[in-house]
Amino acid sequence: MAEPGVGYGIDAVADLQGLHRQAKGARSRYVGDWLLNVNYFAGYQWCYYGGSRINLLRATNGRELVVDNRIMPVVTHRVARKVKNRPQFDTVPYNEDDAAVESARIEQRVLNLDWDELDLQQKLLDAVLWADV
């Protein structure tokens with residue numbers, strides 16, 4: 001059996017940094033689309049992605065830019081469907097012993113309490129919203 005921590009040295013850190021750079025490069029081509037989607041969802045339809053930032057178009061000569069946000073209702077409906085039911089936690093006792101069964105019940109209560117105490121419902125909602133936008 002190998003000792004814990006053996007084999008994790010400078011090379012492992014360099015490998016992880018290389019993987020991080022590779023992942024960052026792979027997702028960088030999508031950043032413009034993500035920024036535009038978030039702006040469209042927020043109601044800023046008169047914008048465009050210009051290289052490294054979002055540029056907003058301005059109305060000139062007293063004109064008003066008309067905004068018809070058809071994205072927000074669709075996204076909010078999809079998010080509502082996905083988070084309609086709260087996730088359920090299942091704990092399984094290791095054996096049929098009474099102590100193991102009681103331990104599983106306590107674990108179930110702790111998980112439900114942590115869900116409420118850590119406000120995980122709101123965090124789930126935010127994560128699903130970002131995934132859909």
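Tutor: Let's start with Thr 91, which is in contact (heavy atoms within 4.5 Å) with Ala 104, Glu 107, Gln 108 and Leu 111, leaving aside neighbours within four places in sequence. This is a predicted model, where local features need pLDDT of at least 70, side-chain atom pairs count only at pLDDT 80 or more, and totals for chains, interfaces and linings use all residues. Residues are numbered from 1 along each chain as its sequence is written, and side-chain values use heavy atoms, with hydrogens and water left out.

Thr 91 sits in the loop between H3 and helix H4 (98-117); helices (H or I, at least four residues) and strands (E, at least two) are DSSP runs, numbered from the N terminus. From Thr 91 to Asp 119 it's 28 residues in sequence and 21 Å in space, C-alpha to C-alpha.

Now for H2. Gly 32, Leu 36, Asn 39 and Phe 41 are buried there, meaning under 20% relative accessible area with a 1.4 Å probe, protein chains only. The buried residues of H2 pack against E1, strand E2 (54-56), helix H3 (71-82) and helix H5 (120-132). Just after H2, Gly 43 has a positive phi of about 105°.

Phe 41 also belongs to the largest nonpolar core, with Val 75, Val 79, Val 83, Val 128 and Val 133. Such a core joins buried Ala, Val, Leu, Ile, Met, Phe, Trp, Tyr and Cys residues through side-chain atoms within 4.5 Å. Not counting residues up to four places away in sequence, Val 75 touches Phe 41, Leu 129, Asp 132 and Val 133.

Conventions:
Buried < 20%, exposed > 50% of the residue type's maximum accessible area, 1.4 Å probe, protein only.
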